[in-house]
Amino acid sequence: MKNSNIKISTYIFSALAILTLAACSGPQVRYGDAKAVETVTVDYGSTDLQSIAEAMARSLLQTKVISGSKDAPTVTVADVKNKTSEYIDTRVITDKIRTQLLKSGQVRFAVNINEMQSQVDELKRQNQSGLYKNSTISKTGNMQGAKYRIEGSISSIVKQTKDVKDVYYVFNLNLINNETGLLEWADEKEIRKTATR
Amino acid sequence: MRKNHIHSAYLISLAILFLSGCGTPPLRSGQSLLPSPFAQKPIGETIKEDQKSIAVTNIFYKKEGANLKYVEEISNKYDSSASMSGSQSGIDIPSTESKGPDSKDVFSDIQSSAFPIKFTNVSDFKPSDHPSIQKDLEARLAADGIPVPPSAPALPPVGNISAKSQVTKKAGFESHPEYGQLRSFSAAIRGLLIKSGYKVVMANTAVPTVNQGDEFFQVVDRIKAGEFNGADYVMFGVLGEMSFTDNVEDIVGTKSTTQQIGLDLIVDFSLIDTKTYQVVASFLAEGNGKEIRIDGRGNGFKPSMAKLMKQASVTLAEDVAIHLADQNFVTSTISQPDIGRNYKRNPYDDDSSTLKIYTK
């Protein structure tokens, strides 16, 4: 009888310990597929970013300016304006497009305006500090100017009823010849997302 | 049987000989399969065999200075038929086209002439018609202690003699032409022609004479006088313009500025056949030296004139080479160096088994 009581109390104690431990542990973490379709809300998300970047990079590489060029044209990335009501980091989109274009080997990128300060600081350090061996210095005045620039915008139209929310995004990208000012290429990517209760 | 062996050995050795004949000859020492930054076929190759000679003169120039000058003439007339006159040279007003202080550094390496002033382009000018100039003139005369003559001073009558005095004021530009040679910019051109296979003959230095005029540029007379040591061609350059620039510009997207100091020169070149005096090639070549300093203004940065001159000289020679090829003085063309050419690359290997590190 006494033994059975001890057994019961041991079981209860173990069960309580397990419950306590389970209560103390954090949320369960697992890795997911970064390219999996994300449909948590109708707001701009990772799937939109990926589909825009992929579509634009593919289209840009097929243009004659790039595919028909003997050498890899030099390009710089200018602003992509966010004309939506949401906060969208447009630099992530252009960075993603730039990465895909660079990986193709068909295009070379010059530093853009946001990266200029670090470029200038580095040139100043090498050329004007007097610390570096002359033959190893990256000399001032030899930066390559970009032949083309990429700029664009993202806009949205949002319609909402009690039960339905519809968001339409349009991403527009242009390739402009810096010397002539001519628009050499333009493409757009449309995305429609609808959420119903 | 043995005959067959000998025959086949003979055939094999013949085949080997043929094959070795078709093979690429081995590279000589110093020969590379990679493309040279400049054309593999140097300019002047077509005339290399008979080694035509060329003389490259120093770069000639004429520097014009002009000063505005007033001349006053006072003449007194007496009715006893006696008359006296005298002239009083007045004020020099320096022209506005004065050179900057740095210009001395370049023109210090020259062989130039200092010539008497030539008073040219004098037009009758009455300062009294221009009150501001009249006022300025009188002020300058007063400052120099020269009494300001009245427009028609009346001399007191002496006995029976009556006198009239007349003051004439004239103004005009007096020019100071100065002829000379710039010696620091032709060496790179000579070097380039030597590399291209020419035999370069040293041209005699042209020394300006007193009262030198524009005949200083008469290269044909010089050829006739045998100043170029029998060269087949003479490359004659005259400085068109030389300018120094010093500008400060903001770098967009940064807090920095660049100070850009430049030396630019334009030279008018003529290449003359010394036998026929035919101009074989003629062009304007440009040379420029540039020194760029980030945030240079305000830090007491002083540019190196020597560096600017060297850069200008080298770029001038490169431009000369391009123009000589353009005008078919030589049949082969000069290609620009491949430096900065962006070749297309193969796409990155996207095999997931390979380690890729992309850094920002």
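B:Asp295 sits in the loop that links β9 of chain B to α6 (305-326). The model described here is predicted. Although B:Asp295 is not a glycine, its phi is positive, at about 55°. B:Asp295 counts as partly exposed because 18 other C-beta atoms lie within 10 Å, and a residue is buried only at 20 or more and exposed at 12 or fewer.

B:Tyr277 is another non-glycine residue with a positive phi, here of about 60°. The loop that holds B:Tyr277 runs between β8 and β9 (279-294) of chain B. With 12 other C-beta atoms within 10 Å, B:Tyr277 is exposed.

Strand β7 (residues 233-250) and strand β8 (residues 257-273) of chain B run antiparallel and are joined by 17 bridges. Within this pairing, B:Asn247 has B:Gln260 of β8(B) as its bridge partner. The hairpin of β7(B) and β8(B) has 6 residues between the strands, and B:Gly253 in that hairpin takes a positive phi near 90°.

β8(B) also pairs with β9(B): 15 bridges join the two, and they run antiparallel. The bridge partner of B:Gln259 in β9(B) is B:Arg293. This second hairpin has 5 residues between its strands, and in it B:Tyr277 is the residue given with a positive phi, near 60°. Pairing of this kind is a matter of the backbone: strands of a sheet pair through backbone hydrogen bonds, either parallel or antiparallel.

## Chain B as a whole

Chain B contains 6 helices and 9 strands. Of its 360 residues, 20% are buried. Among contacts in chain B with a separation of 6 or more, 77% are between residues 24 or more positions apart.

Chain B also meets chain A, with 18 residues of chain B in contact with 19 residues of chain A. On the chain B side, the residues that touch chain A are 7 nonpolar, 6 polar and 5 charged.

## The sheet of chain A

In chain A, 5 strands form an open sheet in the order β2-β1-β3-β4-β5, with mixed pairing. Its edges are β2 (108-109) and β5 (183-196), each of which pairs on one side only. Inside the sheet, strand β3 (residues 148-160) and strand β4 (residues 164-177) of chain A pair in the antiparallel sense over 13 bridges. One of the residues involved is A:Ile157, whose bridge partner in β4(A) is A:Tyr168.

Helix α2(A) packs on this sheet, where it touches β4 and β5 of chain A, and its direction makes about 155° with that of β5(A). Helix α4(A) lies across β1, β2 and β3 of chain A and runs at about 155° to β1(A).

## The contact between α2 and α4 of chain A

These two helices also meet each other. The axes of α2 (residues 46-62) and α4(A) come within 9 Å and cross at roughly 40°. The crossing of α2(A) past α4(A) is right-handed.

From α2(A), the contact draws on A:Leu49, A:Ile52, A:Ala53, A:Met56, A:Ala57, A:Leu60 and A:Leu61. From α4(A), it draws on A:Val92, A:Ile93, A:Lys96, A:Ile97, A:Gln100, A:Leu101 and A:Ser104. By class, the residues of this contact are 11 nonpolar, 2 polar and 1 charged.

A:Ser85 lies in the loop between β1 (74-82) and α4 (90-104) of chain A. A:Ser85 is exposed, because 9 other C-beta atoms are found within 10 Å.

Leaving aside residues up to four places away in sequence, A:Ser85 touches A:Ser156 and A:Val158. Its C-alpha is 9.0 Å from that of A:Ile157, though A:Ser85 and A:Ile157 are 72 residues apart in sequence. A:Ile157 is the residue whose bridge partner in β4(A) is A:Tyr168.

Notes:
Residues numbered from 1 in each chain as written. Chains lettered and ligands numbered in written order. Predicted model: local features only at pLDDT ≥ 70, side-chain atom pairs only at ≥ 80, totals over all residues. Helix = DSSP H or I, 4+ residues; strand = E, 2+ residues; numbered from the N terminus. Contact = placed C-beta atoms within 7 Å. Nonpolar A, V, L, I, M, F, W, Y, C, P; charged D, E, K, R; others polar. Pairing = 2+ DSSP bridges. Axes fitted to C-alpha atoms, helices over the stretch in contact; angles between N-to-C directions. Left-handed = near helix turned anticlockwise from the far one by under 90°.
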